[in-house]
Amino acid sequence: TMLTLLVILPMGAVLLSASSYGLPGIWRLVTAPRTLAALTLSFRLSLIAAAINLVLGVATAWVLTRYQFPGRRLLDAAVDLPFALPTAVAGIALTALYAPNGLFGSWLKPYGIKIAYTEWGILIALIFVGLPFVTRTVQPVAEEIDREVEEASATLGASRLYTLCRVIAPMLAPAALTGFALALARAVGEYGSVIFIAGNIPMKTEIAPLLIVMQLEEFNYNGAAAIGIAMLLISFVLFLAINLL
């Protein structure tokens with residue numbers, strides 16, 4: 001009942017709203033150059049950000065689980081900051097840092113490197129919001145892996161790299177893939193932290209969620225639903241593939 005009320009009925013409402021366009025209308029709107037560019041940008045950068053978070057998140061979870069060092073508790077708490085921080089505040093903070101006159105942006109400017117208002121800025125924002133999903137998904141699994149498993153592998157003559165690749169990695173893989181899927185889902189639908197640093201240049205740095213908001217501001221609810229359906233179908237295929245893995 002709760003699943004129906006919270007998930008299935010809203011999805012059905014989106015489908016019903018978009019159906020007034022008809023399949024030819026939905027296809028025409030989704031395949032328009034501007035919409036296609038926004039969808040391609042959103043999913044391409046989301047996949048890249050989720051892949052980077054997969055590596056960084058697993059490494060962070062492993063370090064927090066296996067090693068004791070000064071500031072460990074502080075780092076552990078900092079992982080959750082993207083959960084607590086409003087996305088708009090995160091976007092403003094990232095823009096202030098990476099804008100040409102920002103703290104990091106001013107250092108990079110003499111070298112001709114521009115982060116804010118480019119795809120690099122969007123990628124950084126997506127990595128920022130998605131990292132906790134991988135770390136927090138992998139961390140409990142890493143804590144349950146007994147050190148004796150690693151020691152047994154070492155006594156049988158395995159190198160450290162072999163142990164990590166053939167003993168530890170298979171244990172972490174299901175949780176890591178789940179974290180990857182969660183980070184990807186967050187990145188695909190992310191809006192608040194991206195619009196400030198993206199620059200929102202049509203055909204270049206305009207994300208799909210922004211197009212949906214623009215359709216809503218123009219009271220074109222059916223058009224917004226049509227773009228939402230396209231994102232839903234692409235996401236469903238991606239998550240189905242991940243679940244099959």
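Mentor: Start at threonine 205. Threonine 205 touches Leu41, Tyr117, Thr118, Glu119, Ile122, Ala198, Gly199 and Asn200, leaving out residues up to four places away in sequence. Contact means heavy atoms within 4.5 Å.

Trainee: How should I read the numbers and values here?
Mentor: This is a predicted model, where local features need pLDDT of at least 70 and side-chain atom pairs count only at pLDDT 80 or more, while totals for chains, interfaces and linings use all residues. Residues are numbered from 1 along each chain as its sequence is written, and side-chain values use heavy atoms, with hydrogens and water left out.

Trainee: Back to threonine 205. Where does it lie?
Mentor: Threonine 205 is in the loop between helix H11 (192-198) and helix H12 (208-217). Helices (H or I, at least four residues) and strands (E, at least two) are DSSP runs, numbered from the N terminus.

Trainee: Is threonine 205 buried or exposed?
Mentor: Threonine 205 counts as buried because its relative accessibility is 4%. Buried means under 20% relative accessible area, exposed over 50%, and partly exposed in between (1.4 Å probe, protein chains only).

Trainee: What does the side chain of threonine 205 reach?
Mentor: The backbone oxygen of alanine 198, at 2.8 Å. That is a polar contact: a pair of N or O atoms within 3.5 Å, where within protein one must be able to donate a hydrogen and the other to accept it, and residues adjacent in sequence count only if both atoms are side-chain atoms.

Trainee: Which residue pairs with glutamate 206?
Mentor: Arginine 34. Their side chains meet in a salt bridge (2.6 Å, N to O). A salt bridge is a side-chain nitrogen of Lys or Arg within 4 Å of a carboxyl oxygen of Asp or Glu. Arginine 34 is in helix H3 and glutamate 206 in the loop between H11 and H12, 172 residues apart. Glutamate 206 is buried at 3% relative accessible area, whereas arginine 34 is partly exposed at 33%.

Trainee: How many salt bridges are there in the whole structure?
Mentor: Seven. One of them joins the side chains of arginine 136 and aspartate 76 (2.8 Å, N to O). Arginine 136 lies in helix H8 and aspartate 76 in helix H4 (residues 72-78), so this pair ties together parts 60 residues apart in sequence.

Trainee: Switching topic. What's the overall layout?
Mentor: The protein chain has 13 helices and zero strands. Of its 245 residues, 39% count as buried. Its C-alpha trace spans about 65 × 50 × 30 Å along the principal axes.

Trainee: And the inside?
Mentor: The largest nonpolar core has 37 residues, and among the members touching the most others are Leu39, Val58 and Val138. A nonpolar core is a set of buried Ala, Val, Leu, Ile, Met, Phe, Trp, Tyr and Cys residues joined through side-chain atoms within 4.5 Å.

Trainee: Which helix gives the most to this core?
Mentor: H10, with ten residues. A second, separate core of 20 residues includes Leu45, Leu94, Tyr98 and Ala116.

Trainee: What about nonpolar groups on the surface?
Mentor: There is a nonpolar patch whose members include Met2, Leu6 and Leu232, with about 850 Å² of accessible area for the whole patch. Patches are made of residues with over 30% relative accessible area and no salt bridge: like charges are joined within 9 Å, nonpolar side chains (Val, Leu, Ile, Met, Phe, Trp, Tyr) within 5 Å. Accessible areas come from the Shrake-Rupley method with a 1.4 Å probe; for residues, only the protein chains shown count as cover.

Trainee: Which helix gives the most to the nonpolar patch?
Mentor: Helix H1 (residues 2-19), with eight residues. Leucine 6 lies in helix H1 and is exposed, at 60% relative accessible area.
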